Every structure is written in C-alpha cells, then in structure tokens.
Amino acid sequence: MRRRDLIELLGAMTQWPFTASAQKGDQLREIGILAAAPFEEFDSLRQRLRELGWTEGQNVGFAYRWAEGDDTRYPALAAELIALKVDLIVTWGTPAALAAKEATSTIPIVMGSIGTTLDNAVVPNLARPGGNITGFSRLNFEIVGKHVELLKDLIPGIGRVAVLSNATNPGVAVGIRYAEVAAKTAGLTLDHIQIREASDLGTALPGLSRLHPDAVLVMADTQLLAPRQRIVEFMNASRLPAIYAFPEFAEAGGLLSYSPDYNDLFRHAAVYVDKILRGANPGDLPVQQPVKFKLVVNLKTAEALGLTIPPLILAQADEVIE
C-alpha cells in the first residue's frame with residue numbers, strides 16, 4: 001500500500017464515528033424526539049430543518065417518544081429510540097437529556113432546551129462539551145430572580161411567595177438557590193411545594209393554597225408544563241397571582257410568564273442537527289445560552305384577579321393578551 005493511501009485510510013478511521021453515516025446520500029435520516037409532550041416548539045425545529053434542506057418523508061423522518069408527565073419513563077423511552085437506530089436524538093428538558101446521555105455514548109444528542117447547565121452531569125464544559133452531546137441551555141433556573149422581581153413590582157405589599165417545583169428535576173436545586181437569594185434581597189419569605197409526578201398535583205395544589213401566599217412562582221419543568229391548564233385554572237380560581245416559566249401558561253390563562261424564546265432556541269437547535277447530520281462532531285459544538293427572552297402579560301386574567309399591571313411591566317412585555 002502506498003504511503004499516501006495508508007494516511008488517507010488512517011484518517012478515515014479516526015474521523016468522528018458519525019461522519020460515515022452523514023454520507024448516506026439520499027437515504028432517509030431518522031431523528032428521535034424525546035420530551036414530555038408534543039410542544040409547539042417542535043414545529044419551529046421542523047420548519048428550520050426544512051429551510052436547511054431536510055424534508056420530512058424525503059430525506060428525514062421523526063420518531064417521537066413522550067414521557068407524558070412521568071419523568072421515570074425517560075430511560076425506557078430513550079432505549080426505544082436507540083433500538084430504532086435513529087441517527088440523532090433531540091431532547092427537551094434536563095431529565096430527558098440525562099436519560100439520553102445515559103442510554104448512548106455514540107448516537108449524537110442535541111439538547112433543544114435544558115433547564116440549566118449548572119450542578120448536573122450533562123456536559124463537563126460548555127465551550128467544548130465533548131462526547132456525543134451538545135445543545136442549548138434555557139437558563140430557566142438562573143432567571144428565577146427575574147420572576148421574583150416581577151412579582152415584587154406587580155403586587156403591592158407582597159410578603160410571602162409559594163414556589164411550586166418538581167423535586168425530581170436535577171436543576172430545581174439551582175432554581176431554589178436563585179429564588180432564595182432574590183427573595184432575601186426583596187424582603188420576601190418563600191414556601192416550597194414540590195411534586196414528584198403529575199398525579200401529586202391533587203394534594204400539592206390544595207396544600208399550596210392553605211399556605212395563603214401573596215403570589216406563586218411555578219418553576220420551570222416540562223412535567224408541570226403538560227398539566228398547565230389544570231394549574232392555571234386552580235391558581236385563578238384560588239385568586240392567586242402566579243408567574244410561570246413557559247409562555248404556554250399565559251396563553252392558557254396564566255397571569256404572567258417570563259422565559260427564553262423557546263421557538264428561537266429550537267430553530268437554533270435545528271442548525272446543530274443539520275451540522276451533525278452533515279458530519280460535524282457534536283462534542284465540538286459549544287452549548288449555547290438563549291439571547292432572546294419573552295415576557296407575556298395576560299390582562300384578562302389580571303382584571304379577573306383585581307390587579308392593575310404597572311406601566312413598568314407593560315413596557316417590558318413582548319406580548320399582551322387581552
């Protein structure tokens with residue numbers, strides 16, 4: 001064998017293991033989706049992929065696995081996607097990302113949205129995550145301080161805030177730390193109500209009401225997002241002003257939401273999917289943070305609760321529901 005041929009062979013053998021798979025030509029590529037439910041942001045992912053040349057049914061297909069409010073299902077669902085031999089997995093949420101990472105070290109994983117990159121074992125380094133995983137942090141727990149600030153500005157004389165969260169979410173501990181610091185600065189007392197699965201809401205919500213808080217902060221978690229209509233209806237019926245971490249809550253009748261722009265995150269995630277399917281090493285793509293945030297105010301709910309939204313908050317709003 002000529003020396004040049006040997007060098008080329010060795011180079012091919014040491015390339016990122018997905019590169020050969022990326023050269024399948026017109027063969028259909030399969031993308032696994034692992035999340036709590038079919039949230040509308042996946043439409044943004046698919047749309048951006050179409051713009052990048054990936055047409056469903058022609059050169060790309062999707063396999064969906066939904067946890068449906070039960071985080072304990074993620075390991076089994078991730079195993080199902082691996083058994084299907086998908087080319088790549090897109091996740092939403094920390095539990096989904098951790099389950100996918102635990103299930104495979106070879107199939108690339110793109111985190112469309114992870115709650116926090118602090119205090120978890122998802123990636124060792126944001127700039128160069130290494131291995132088979134990369135994606136986007138939504139900073140939901142790091143921006144809890146903004147939620148506390150908005151409640152303080154909204155409700156005169158506020159003194160006590162109840163925090164509803166999912167104890168099984170690894171990022172919640174980070175969010176609680178940020179909430180405690182913000183509350184101390186604002187002179188507020190926090191009460192914590194936690195669930196472990198969606199069925200716990202049956203006791204958690206009445207327990208929260210019995211604390212008689214001035215307001216409620218519903219911490220970011222896809223397990224809480226799925227039953228959002230139930231949560232919003234309870235808060236409104238109990239006349240509890242609440243702030244949420246997903247705009248879908250405000251669209252469902254919640255008072256306020258402040259969050260990253262999730263559609264923007266998933267459009268960026270599609271760019272990472274495109275790059276990886278064309279041969280890029282996910283471990284070389286930095287984990288990125290959101291650059292767009294969205295404040296949604298529901299004036300109809302504010303009126304029903306007897307609240308006047310201060311001009312300062314309305315001036316910051318990206319969307320006002322009337």
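Q: Which residues touch the most other members of the largest nonpolar core?

A: In soluble globular proteins, nonpolar side chains tend to be buried together. A nonpolar core is a set of buried Ala, Val, Leu, Ile, Met, Phe, Trp, Tyr and Cys residues joined through side-chain atoms within 4.5 Å. Buried means under 20% relative accessible area, exposed over 50%, partly exposed in between (1.4 Å probe, protein chains only). Here the largest such core has 71 residues, and Ile-31, Leu-34, Leu-45, Val-90, Leu-164, Val-218 and Met-235 touch the most other members. Helix α12 (residues 262-277) gives the most to this core: nine residues. Another core, of 33 residues, lies apart from it and includes Phe-141 and Val-161.

Q: What kind of model is this, and how are residues numbered?

A: This is a predicted model, where local features need pLDDT of at least 70, side-chain atom pairs count only at pLDDT 80 or more, and totals for chains, interfaces and linings use all residues. Residues are numbered from 1 along each chain as its sequence is written, and side-chain values use heavy atoms, with hydrogens and water left out.

Q: How do the axes of α4 and α5 cross?

A: Two packed helices are described by the angle between their axes and the distance between the axes. Helices (H or I, at least four residues) and strands (E, at least two) are DSSP runs, numbered from the N terminus. Axes are lines fitted to C-alpha atoms, for helices over the stretch in contact, with angles from 0 to 180 degrees between N-to-C directions. The axes of α4 (residues 74-83) and α5 (residues 94-103) come within 9 Å and cross at roughly 50°. α4 and α5 are therefore oblique to each other (under 35 degrees is roughly parallel, over 145 roughly antiparallel, 65 to 115 roughly perpendicular, the rest oblique).

Q: Which residues of α4 and α5 meet?

A: Contact means heavy atoms within 4.5 Å. From α4, Tyr-74, Pro-75, Ala-78 and Ile-82 meet Pro-95, Ala-96, Ala-99, Ala-100 and Ala-103 of α5.

Q: Which residues of α3 are buried, and what covers them?

A: In α3 (residues 41-51), Glu-41, Phe-42, Ser-44, Leu-45, Arg-46 and Leu-49 are buried. Their cover includes β1 (29-35), β2 (60-66), β3 (88-92), α11 (247-251) and α12. Just after α3, Gly-53 takes a positive phi of about 105°.

Q: Is Ile-158 buried or exposed?

A: Ile-158 counts as buried because its relative accessibility is 6%. Ile-158 sits in the loop between α6 (144-154) and β6 (160-166). Its C-alpha atom is separated by 7.4 Å from that of Leu-188, 30 residues apart along the chain.
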